[in-house]
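Open the model in your viewer and keep the selection tool at hand.

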Amino acid sequence: MGMESKYIWMDGELVEYEKATVHMLTPALHYGAAVFEGIRAYNTDKGPAVFRLTEHVERLLDSAHIFGVREMPFTAEEVVKAVKDTVRANGFSDCYIRPLLYIKGGAWNLNIDAGQAALAIATWQWNNYLGDEALAKGIRANISSYTRHHPNVSMTKAKIAGNYVNSFLAKTESERLGFQEAIMLDPQGYIAECTGENMFVVRHGKLITPSTAPVLEGITRHTIHTIAKDLGYSVLEQPISRDQLYSAEEVFVCGTAAEVIGLSEIDFRTVGDGKTGPITRAIQKVYHDAIRGRVAQYENWCECV
């Protein structure tokens, strides 16, 4: 995965890629004291457009607020403009965008009030996170031996950098075992989410997804929820047990990086008929059209650069 670009936006200015560095004594590096977003821009008939940019920026600032940052370095409007400027400066159309709001100084006493926050935005060209083959065939996953954070151990609504150590442990274990993704249970033993995606299950023709209490309130999750309802499917939010996944007709995951990907196998058990199912495919198709500005009713989700 090539992450090079011409410029990275740092605290209000575009800096050449090689010069976009932080000092070794940056508290964020030592304590995971940062929050981030994963955003994508896609080429549309009106040129590059960032998908649901405003919602992503709002969640970034919400994450910082939840984490305890009291003085935001930039407003939501400024961050939206900075993202667009960064995409434009690099001349990208289809790309991934990574804003990082991090504690750059102070806070060595583990009190965020003693730290100063900074903001950086990088962008790079990136295709499918889980691989092109995954789109048609689906991927193999297993239930991780690592539990997803308890909502009072680490704030699960915030994309806090340190939270992702949990994802690193789970994803690495699953890949070493030969799977492509890890499914994490919540502290009560119900399905939570994957290491970077929310989950949907199709049972008896209905879609079920875990309630947001223990998981990240995914923007792609919300997008899929909307698309599924508009396609006429009923969507329920309720606890899902591990064994309900095994007997589901379809299971799929969704996230900005992964987009919409079916699970063909979970814990060595075939899901449905072992390939991406019809409901997943129907939603996938609308999603892929929506992100490229081809669905009139969802056009306002695409924010032109």
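Select F200. With a relative accessibility of 0%, F200 counts as buried (under 20% relative accessible area; over 50% is exposed, in between is partly exposed; 1.4 Å probe, protein chains only). This is a predicted model, where local features need pLDDT of at least 70, side-chain atom pairs count only at pLDDT 80 or more, and totals for chains, interfaces and linings use all residues. Residues are numbered from 1 along each chain as its sequence is written, and side-chain values use heavy atoms, leaving out hydrogens and water.

Which rings pair at all? Rings of Phe, Tyr and Trp (its six-membered ring) pair if their centres lie within 6.5 Å; planes under 30 degrees apart are stacked, over 60 edge-to-face, the rest tilted. That rule gives eleven aromatic pairs. F200 and F252 are a stacked pair, with 5.2 Å centre to centre and 10° between the planes. F200 is in strand 11 (residues 198-203) and F252 in strand 14 (residues 250-255), 52 residues apart. Strands (E, at least two residues) are DSSP runs, numbered from the N terminus.

Next, select Y298 and W301. Their ring centres are 4.6 Å apart and their planes at 10°, so this pair is stacked. Y298 and W301 are both buried.

Last stop: charges over rings (NZ of Lys or CZ of Arg within 6 Å of the ring centre and within 35 degrees of the ring normal). Select R269 and Y246. The charged end of R269 sits over the Y246 ring, 4.2 Å from its centre. Then pick R40, which lies over the face of W126, at 6.0 Å from the ring centre.

Notes: Helices (H or I, at least four residues) and strands (E, at least two) are DSSP runs, numbered from the N terminus.
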